[in-house]
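Let's walk through this one together, starting with its charged pairs and then moving on to how its strands line up. Have the model open while you read.

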Amino acid sequence: QGEETLKSALASGKGVIIAVPHLGAWELLNLYLAEHTELAVLYRAPRHAWVELLLNTARGRTRAVPVRAEQQGKGDRGLDGGAADLDQLDFEFVLFASAVRVAGGFQIQLQAAAPEVIDVATLNVNVENLVLPWLAQYQWSYKRYSMRPEGQPRLYR
């Protein structure tokens, strides 16, 4: 669902941010997206270096470029494999996507952010809209709010 939305965004020639909450089979979604465009996948480094190597090797098979996301929201590798900061790139579109399990396989869902994502509250509304129909497939154990604004209490131990 929403493949035309992706095609239109890619045809614009501008960058496209595809936000993927931990819903369904997001690694499968990477395979689908890598068939349509060059793809950089932001991730948080796991605690063990061998796990990071394993994940990046697997993701690299899809032609996706793994980009380590730091707390400041910047990667240590840009889309070209260099050191460009992601926040310096020219993005025009934000899409939300998922690959959810359905009878007989998976369904890819792509939808434009509504309204424009400009703050955390709007981001949360978009994530909620994507997750609500598929509550059983959301990874509830994911510590989504582990990075807190300065002065805010930690939510997890």
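A helix here is a DSSP run of H or I that is at least four residues long, and helices are numbered from the N terminus. With that in hand, look at helix 1, which covers residues 3–11. Keep in mind that this is a predicted model.

Inside helix 1, Lys7 and Glu3 sit four residues apart, which means about one helical turn separates them. Their side chains meet in a salt bridge, at 3.4 Å from N to O. Both ends are partly exposed: Lys7 has 41% relative accessibility, and Glu3 comes in at 32%.

How many salt bridges does a search of the whole structure find? It turns up two. Besides the Lys7 and Glu3 pair, there is one between the side chains of Glu52 and Arg68, at 3.2 Å from N to O. Glu52 belongs to helix 3 (residues 49–60) and Arg68 to strand 3 (residues 64–68), so this pair ties together parts that lie 16 residues apart in sequence. Glu52 is buried, at 14% relative accessibility, because the cut-off for buried is under 20%. Arg68, at 27%, counts as partly exposed.

Now for the strands. Strand 4 (residues 91–102) runs parallel to strand 1 (residues 15–19), and five bridges join them. Find Gly15 and you'll see Phe91 of strand 4 opposite. Strand 4 also pairs with strand 5, residues 105–112, this time antiparallel and over eight bridges. Arg101, for instance, has Phe106 in strand 5 as its bridge partner. Strands 4 and 5 form a hairpin with two residues between them, and there Gly104 takes a positive phi near 90°.

How values were computed: Residues are numbered from 1 along each chain as its sequence is written. This is a predicted model: local features need pLDDT of at least 70, side-chain atom pairs count only at pLDDT 80 or more; totals for chains, interfaces and linings use all residues. Side-chain values use heavy atoms; hydrogens and water are left out. Two strands pair if DSSP finds at least two bridges between them. A salt bridge is a side-chain nitrogen of Lys or Arg within 4 Å of a carboxyl oxygen of Asp or Glu. Buried means under 20% relative accessible area, exposed over 50%, partly exposed in between (1.4 Å probe, protein chains only).
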